[in-house]
Amino acid sequence: MDLIISSATHRSGSTLLQRLFNARKETLIWGENGGCLTEFYKILDHTKHHASFNHWDTYLKSREDANQWIACMTPPKHEVDAVMIQTVSTFHEELYVKKYNKQHDMIGYKEVRYGREELGLLRKCYPNCTIILLVRNPIDIWKSMSQKKGIKKMYGSLEGFTNIWNVRVNSYLLLSKSDPNIHLVKYEDIVARKAETINLIKQVGHLEEKDVNPILSNKINSSSKAVPEHTIKFIMKQCGLIMRKVGYLP
């Protein structure tokens, strides 16, 4: 995998960024996969938890004496990471890359469900992969999202949404400062065609001006709905600290 777009939440502009990169014919950025890395991370976490009991080592030292407690016996903890990295890498290579890398020299996908844990696992699998972390003003996200039928299934409530936005965006800020190949991008800077942001996208995606302009000029599946003032105040109250860190509030 060469490039991953990870959006903090739905309706943050990940499809626009995906379209921009795919404007180059040699690039193939797949769409969302339902957050598959979340399930892989859960497997990793559960397996490491059971491996921490270290019954395997005790069993070996006893010359495999079955007359002892072995119900949670698993392979040793230090082997779990390596096996999961191999598993996740194989999943990505077999599904996304092998059949398509003859026609494309840059392959990746976009997702709207990943936080620190999933991205940490991804980085272990692909140390050199470029990761774009996409954020958007939570008020505008809610305006775009509130009319969607799946909102309760996605976030449960407005409070649930603001909690997830806070956690993910804060982790995105930290990740972008700790890894030179992870870039934090604001949706607003893309649509405003801010030079620094557009130049970064062009550099990462090997794009030219003629590739970028037609995509930015053509809105697809764009929506916005007015929300009550008390809803806006609630979002600002809940997300104000992180909004200031990103630059959405003075």
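**Exercise 1.** How many residues line the largest pocket, and which of them lie nearest its centre?

*Solution.* The model is a predicted one.
Step 1: the lining of the largest pocket consists of 30 residues.
Step 2: those nearest the centre are R11, G13, Y187, I220 and N221.
Step 3: the volume of this largest pocket is about 670 Å³.

**Exercise 2.** Identify the helices that supply at least two residues each to the lining of the largest pocket, and classify the lining residues.

*Solution.* 
Step 1: the elements that each supply at least two residues are α1 (14–22), α6 (138–145), α9 (187–191) and α11 (209–216).
Step 2: α1 provides the largest share, namely four residues.
Step 3: by class, the lining of the largest pocket holds eight nonpolar, 11 polar and 11 charged residues.

**Exercise 3.** Describe the second largest pocket by its volume, its lining and the elements that contribute to that lining.

*Solution.* 
Step 4: β5 gives the largest share of the lining of the second largest pocket, with four residues.
Step 5: the classes in this lining are three nonpolar, two polar and four charged residues.

How values were computed
Residues are numbered from 1 along each chain as its sequence is written. This is a predicted model: local features need pLDDT of at least 70, side-chain atom pairs count only at pLDDT 80 or more; totals for chains, interfaces and linings use all residues. Side-chain values use heavy atoms; hydrogens and water are left out. On a 1 Å grid over the protein atoms alone, a cavity is a set of points where a 1.4 Å probe fits but cannot get out, and a pocket is an open set with protein on both sides within 12 Å along at least five of seven lines; lining residues have an atom within 4 Å of a point. Grid points are joined across faces, edges and corners, and a volume is the space filled by probe spheres set on the points. Ala, Val, Leu, Ile, Met, Phe, Trp, Tyr, Cys and Pro count as nonpolar, Asp, Glu, Lys and Arg as charged, and the others, Gly among them, as polar.
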